[in-house]
Every structure is written in C-alpha cells, then in structure tokens.
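Below is a short briefing on helix packing and charged side-chain pairs. The sequence and structure come before the notes.

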Amino acid sequence: MASMTIRNLDDGLKQRLRLRAATHGRSMEDEARDILRTALATSESPAPNLADAIRARVVSTGGVELDIPPREPIREPPDFAP
C-alpha cells in the first residue's frame, strides 16, 4: 500500500479531523482514509467537453432564438498606398 504525508495542514483543520476521528472511535489516519475513500467514490465524472459543461449549466433557463443576419457582399480591401 502507498503512504502519503500532508504538509502545511491548517491547525483548525487538524483539530476538526482529530475531533471527527474521536467521534467515530478511530485514529486520525483512519478517519482521513475514510474521508478520501468516500469523497472519491462518489465523485461525478467530468463533462466530456466545455460545450457540454456549459449546456448542462444553462439548460434549465431555456433557449434563446437569435436572428442570423443575411450575408452581405465582401467589402473592398482598404488601400494603404500613399
């Protein structure tokens, strides 16, 4: 099995972990393992691409119909001659 060291852990966070572990009757290490196991077991898979992620966020607001302007002839290029 692999091991991991967590550095620069906030004192308040460490205290909350210690209290949570004591409440569940286990060590801080075992509590941290359980938290990681639970968090990673229920994670959602990311959207396949950015467009799908945006669509999923705004689908509840409904759609918007945009008017597409008609095409116009191509302009003449500017003349930069002196």
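Buried means under 20% relative accessible area, exposed means over 50%, and partly exposed lies in between (1.4 Å probe, protein chains only). The model is predicted: local features need pLDDT of at least 70 and side-chain atom pairs count only at pLDDT 80 or more, while totals for chains, interfaces and linings use all residues. Residues are numbered from 1 along each chain as its sequence is written, and side-chain values use heavy atoms, with hydrogens and water left out.

**Helix packing**
- Helix 1 (residues 11-24) packs on helix 2 (residues 28-41) at about 95°, with the axes 9 Å apart.
- The two are therefore roughly perpendicular, a label for angles of 65 to 115 degrees.
- Contact means heavy atoms within 4.5 Å; on that basis K14, L17, R18, R20, A21 and H24 of helix 1 meet M28, E31, A32 and I35 of helix 2.

**Salt bridges**
- A salt bridge is a side-chain nitrogen of Lys or Arg within 4 Å of a carboxyl oxygen of Asp or Glu, and the structure holds 7.
- E31 pairs with R26, with closest N and O atoms 2.6 Å apart; E31 is buried at 0% relative accessibility, whereas R26 is partly exposed at 29%.
- E29 and R33 form a salt bridge at 3.1 Å; E29 is exposed at 56% and R33 is partly exposed at 39%.
- In helix 3 (residues 50-58), D52 and R55 lie 3 residues apart, about one turn, and their side chains form a salt bridge at 2.8 Å, N to O.

Terms used. Axes fitted to C-alpha atoms, helices over the stretch in contact; angles between N-to-C directions. Helix = DSSP H or I, 4+ residues; strand = E, 2+ residues; numbered from the N terminus. Parallel < 35°, antiparallel > 145°, perpendicular 65-115°, else oblique.
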